[in-house]
Amino acid sequence: MSGNTVTFVDRAGCHLCDEAKTTVTHVIDQVAQETGHTWTLNVVDVDSDSELLERYDWEVPVVLVNGRQHSFHRVDARRLKASLIRASNTN
């Protein structure tokens, strides 16, 4: 299925963001391999959008699954994987 999106809100020079992005990318790949459901990853720099900056300035990295906040600061791979599989099955 298509239409599923993970939005990753990061910031240049953010070490936590680099680690979290690696985890998110790995989980998306795992879910695709295991379920056949694909996810689109959109990466957005928090400093490039005034609304995101106001909302998430001190919380980056932030992961949104289909527009809903899933996590911030650190990403739990097992929790994210379960959320993506659950969302895949409902769409």
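Is His 73 buried, partly exposed or exposed? His 73 is partly exposed, with a relative accessible area of 30%; buried means under 20%, exposed over 50%, and partly exposed in between, using a 1.4 Å probe and protein chains only.

Before the next stop, a word on the model: it is predicted, so local features need pLDDT of at least 70 and side-chain atom pairs count only at pLDDT 80 or more, while totals for chains, interfaces and linings use all residues. Residues are numbered from 1 along each chain as its sequence is written, and side-chain values use heavy atoms, with hydrogens and water left out.

Stay on His 73, in the loop between E4 and H3. Helices (H or I, at least four residues) and strands (E, at least two) are DSSP runs, numbered from the N terminus. Although His 73 is not a glycine, its phi is positive, about 70°. Now select Asn 66, in the loop between E3 and E4: its phi is also positive, near 50°, and Asn 66 is partly exposed at 31%. Next, show Val 60 and Pro 61, which are joined by a cis peptide bond with omega about 0°. Pro 61 sits in the loop between H2 and E3. Most residues other than glycine have a negative phi, and most peptide bonds are trans.

Select helix H1 (residues 15-35) and helix H3 (residues 77-90) next. Their axes are 10 Å apart and meet at an angle of about 45°; axes are lines fitted to C-alpha atoms, for helices over the stretch in contact, and angles run from 0 to 180 degrees between N-to-C directions. H1 and H3 are therefore oblique to each other, the class left after roughly parallel (under 35 degrees), roughly antiparallel (over 145) and roughly perpendicular (65 to 115). Residues making the contact (heavy atoms within 4.5 Å) include Val 24 and Val 27 of H1 and Leu 80 and Leu 84 of H3.

Now colour the largest nonpolar core, which has 23 residues. Such a core is a set of buried Ala, Val, Leu, Ile, Met, Phe, Trp, Tyr and Cys residues joined through side-chain atoms within 4.5 Å. H1 gives the largest share, six residues. Centre on Val 24: leaving aside neighbours within four places in sequence, its contacts are Val 6, Phe 8, Leu 41, Val 63, Val 75 and Leu 80.

Finish at Arg 68, in strand E4 (residues 68-72), which is exposed at 66%.
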